[in-house]
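Hi everyone, thanks for coming.

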Amino acid sequence: MDPCLLFFLLLLIGRNGLCQQAEVCLKSVINSCEDCIRSGPYCMWCKDLNFTKSGEQETVRCDTKAKLIERGCKTEDIIFPEDSKQIDKEDPLSESFNQEKPVQLSPQKISLKLRPGLSTTFSVSFKRVQGYPVDLYYLMDLSYSMKDDLENVKGLGKDLFEALKNITDYAQIGFGAFVDKTVLPYTNTNKEKLQKPCDENDQQCQAAFGYRHVLNMTSSETQFKEKVTEQFISGNLDSPEGSLDAMMQAAVCGDKIGWRNSSTRLIVLTTDAGFHMAGDGKLAGILEPSDEQCHMENRRYTKSIDMDYPSVGQLAMQLEKNNIQPIFAVTENVANVYKELSEMIPKSEVGVLSSDSKNVVELIKTAYNSLSSKVTLTHDNLPDNVRVIYTPKCKDAGQPGNSEGVCNNVKPGEKISFDVTVTAESCMNDKSFTIRPLGIKDTLTVSLSTNCDCECKDPEDSIHSHCKGKGRVKCGICSCSEGYVGQFCECSIGDKDKRSLRASCQRNNGTMECEGRGDCVCGRCQCHTTESGSSYHGDYCECDNEHCEKFQNKLCGGTGKCNCGRCECNAGYEGSACQCKVSEEACRTLNDTVCFGRGTCKCNRCECKEGYQRPQCQLCLGCPDPCQTKLNCIECLGFDSGPFKKNCSVACRKSIYHEMVDQFTIPDKQCLQKDTEGCWIKFKLDQLVREDNYKAEILKQRDCPEPPSVVAIIGGSIASVALIGILLLMLIKLLLYMKDLKEFRKFENEKKKSKWAEADNPLFQNATTTVTNPTFTGE
C-alpha cells in the first residue's frame with residue numbers, strides 16, 4: 001500500500017473514529033427526567049408521550065441522542081440542558097500605567113452554567129503594563145556576621161533607585177531589619193548582653209531585637225539613605241536567624257509597611273545564615289503557634305517571644321495571598337538551603353551574594369527580570385468536585401496543568417492568553433472561585449452553577465387524557481393525582497395506601513419493586529421486556545431467559561433452554577450449561593456399579609457424597625472408623641449381646657451381612673475391639689455397594705479374661721483390714737512408749753541435777769510414850 005494513502009487513512013480514523021471518546025449513557029435507577037440528566041454527561045431524555053411501548057419501563061426514555069433518535073424520538077422532543085457562559089465584566093487591557101488602577105487580566109468576571117461531567121473552555125488574556133509600579137522592601141539580617149555587608153548597604157541607595165527607575169517611574173523602597181528572638185537559647189539574656197550583644201571592642205552596637213520595621217515605602221532616595229545609615233549591627237547566639245518571623249510581619253502588616261494596592265511587591269531578604277521555623281520555638285518554651293496576624297507596635301514585632309516561628313507553608317500562603325514575591329539574596333554557604341525554600345514558595349528567586357554584598361543591586365535586577373518574565377496563572381477557593389485545566393497560549397508555554405498554567409520569557413507589553421477548561425463533576429448552585437496571576441493583584445471571578453433540571457414545557461392542564469384523566473404530564477410521563485397510581489394512573493388504590501400496594505410487589509420484603517424489572521400496577525408486577533425483546537417473568541419479574549451459564553460462548557451450550565436463570569437440557573445432555581452428553585462410562589466400577597452407589601454420575605464423572613474420594617467414590621478418608629461405629633452390631637449379630645441385643649435385626653440386619661468364621665478370608669484391615677462383657681472381638685469389614693452396606697467376618701472365639709475369685713477377694717479384704725488394724729495398734733503403742741520413755745529420761749536428768757541436804761526438822765518431836773508389845777520376843 002502507498003505510504004501516503006496509509007497515513008491519510010490513519011489520520012481519518014484518528015479524527016473521526018477510534019481516537020474520539022464514545023458517548024455513553026450509564027444509567028441506573030431512572031424515575032424522572034432529572035434522574036436521567038444527573039446520571040451522565042451524555043444522557044438525554046425523550047419527552048414524547050408515546051415513546052414507550054406497553055410493558056416498557058420509563059428508563060428507556062434516558063439514553064444518548066443517537067440511540068433515542070434510532071428508537072424514534074424526534075429531535076425536538078429530546079431534553080438536553082446545554083452549557084452556557086456569559087462574560088459579566090471585560091475591561092480592556094491597559095497599555096501603560098497612568099496613575100489609575102491598570103487592567104492586566106481580562107475578563108474580570110464570568111458566569112458559567114455547566115452540565116455535570118461536560119467541560120467548557122474560555123480564554124483569559126494577560127498583558128504586563130509598561131512602567132507598572134514596584135514596591136521593594138529591603139529586609140536585612142543585622143546579626144554580627146553581617147557587619148561588613150551593612151556598611152556596603154548604607155551606600156547602595158543611589159544604585160538601587162537607579163536600577164528601579166530603569167524598570168518604572170513609580171518605584172518605592174522600604175527597609176526592615178531582623179536578628180532573632182531575644183530569649184535563650186537564641187540570644188544571651190544577660191542584661192548587659194541584651195543591651196550590647198556584640199564584642200566589647202565594638203562601640204556601635206544596638207540592643208538585641210527580633211524584627212524591626214525601619215522605613216515605610218518611600219520614593220525618596222535621601223530618606224532611605226538617612227534611615228539605613230542610622231542602623232548598627234546587633235548579635236545573637238545561634239547561627240539560624242528569625243527571618244521567617246520578619247517576612248511574615250512584612251507580609252501581613254501591609255498598611256504599616258506601606259504596600260500600594262496596584263504594584264509589584266518584592267521582599268529582598270539578605271542574610272548569611274539559615275532560618276528558624278515552626279517547632280523551633282519549643283527550645284525556648286514557646287508553644288503558641290504563629291497566628292499569621294500583624295503584631296507590630298512602635299515599628300517592632302511585639303509577639304516575638306510569645307509566638308513560635310511560622311511554618312514555611314504559613315509563610316508561602318500569606319506571601320501568595322498578599323501578592324508578594326520574595327527574592328532571597330544569600331551568601332554561597334546557605335544558597336542550597338534557600339533554593340529548597342524557594343521551591344516551596346511560589347514566585348520566588350534565589351541569588352548568591354558576594355561576601356560583602358556589593359553585587360546586591362545586580363542580583364535584584366536579575367531576580368526581578370526572572371520573576372516578571374514568568375507568568376503563572378492559578379486559582380483560589382476552588383469548590384469541591386470541580387476540575388480546572390490551564391493551557392497556555394504563548395511563545396514559551398509550559399505544559400497544560402490542573403493547578404496552574406505557565407508562560408515563560410514574557411516581555412512587558414506582550415499579550416498572552418490561557419485557555420481555561422472547567423468541569424463540574426456534580427450538581428451545584430451559586431459557587432465561585434478566583435483565577436489570578438501569581439504576584440499580580442488582578443483577578444478573574446468565575447461564578448459557577450450546573451444544569452441539572454429539565455425544562456420540558458409541559459402542558460399546563462392539571463388533568464391530561466394521556467393519564468386517563470387522573471393526572472398531569474411531566475416531561476412525557478404521568479404524575480398521578482391523589483388516590484391513583486400506575487404508568488398511566490390507571491389504578492385506583494381505594495382504601496389501601498400506596499405503601500401496602502408497593503409492598504406486595506417487593507420480594508422477600510425487600511426495597512426493590514418488581515426487582516427493578518417491572519412496574520407495580522395495582523399491587524401486581526407488570527414485567528418489562530428485555531433488550532433482546534423477550535420478557536421478564538415471575539411473580540416479581542425475578543426471572544429471565546437470557547442469563548444462564550454459557551458453554552463455548554453459547555447459552556446452555558446450545559443444547560438446552562434457559563428458564564429463570566437455569567438450563568433445562570435437551571434429551572441426552574446434562575450439566576449446569578448442558579455441556580455434557582449423558583454417559584456413565586467413566587463412572588462404572590469393576591463390579592458394574594455407578595460410583596459404588598456412593599455418588600452420582602454427572603458429565604461422565606462421579607460427584608461423590610461428603611468424604612468419599614474420586615474417581616469412583618470408593619474410599620472415604622474423612623469418615624469415622626467403621627471398626628468403632630459397627631462394634632455394637634457385630635456384638636449383637638455374632639454373640640447375641642450388647643446394646644442392640646433386643647432389636648438386633650432391626651438395627652443391623654439391613655446394613656451388615658455377617659458370617660461367623662474360624663479364619664478370615666477378607667483381605668481388609670482386621671478390627672480388634674472390646675465388647676460390653678470385656679471380651680476382645682476380632683472381625684473384618686468389607687464395604688459393599690452403597691454408603692452403609694458392609695459384609696462382616698467375625699471370629700467365633702472371643703478372648704475373654706477369667707472371672708475373679710470371690711473367696712480370694714473377700715479373704716484378702718478381711719486379712720488386709722486386720723493387718724491394717726494391727727499395724728495401727730502397734731503404731732499407737734510405739735508412739736505411747738516413745739512418749740513415756742521421753743518423760744522418764746527427763747525425770748532422770750532432773751534427779752541427777754538435784755542436791756539433797758541432811759538437817760533436822762525443827763518441827764519434829766520425839767515420842768513421849770513408849771509402848772512395848774508383850775508378845776514380842778525380840779526374835
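Let's begin with Cys 608 and Cys 617, which are joined in a disulfide with their sulfur atoms 2.0 Å apart. A disulfide here is a pair of cysteine sulfur atoms within 2.5 Å. In general, such a link is a covalent bond between the sulfur atoms of two cysteines. The S-S torsion of Cys 608 and Cys 617 is about -90°, so this disulfide is left-handed.

A word on the source: this is a predicted model, where local features need pLDDT of at least 70 and side-chain atom pairs count only at pLDDT 80 or more, while totals for chains, interfaces and linings use all residues. Residues are numbered from 1 along each chain as its sequence is written, and side-chain values use heavy atoms, leaving out hydrogens and water.

Is Cys 617 buried or exposed? Cys 617 is buried, at 0% relative accessible area, and Cys 608 is partly exposed, at 22%. Buried means under 20% relative accessible area, exposed over 50%, and partly exposed in between (1.4 Å probe, protein chains only).

Next, Cys 33 and Cys 454 form a disulfide, with 2.0 Å between their sulfur atoms. This pair links distant parts of the chain, 421 residues apart. Cys 33 is buried at 2% relative accessible area, and Cys 454 is buried at 13%.

Our last pair is Cys 527 and Cys 541, with an S to S distance of 2.1 Å. Their S-S torsion is about -95°, so this disulfide is left-handed. Cys 541 is buried, with a relative accessible area of 0%.

And how many disulfides does a search of the whole structure find? That search finds 26.

Definitions and conventions. Helices (H or I, at least four residues) and strands (E, at least two) are DSSP runs, numbered from the N terminus.
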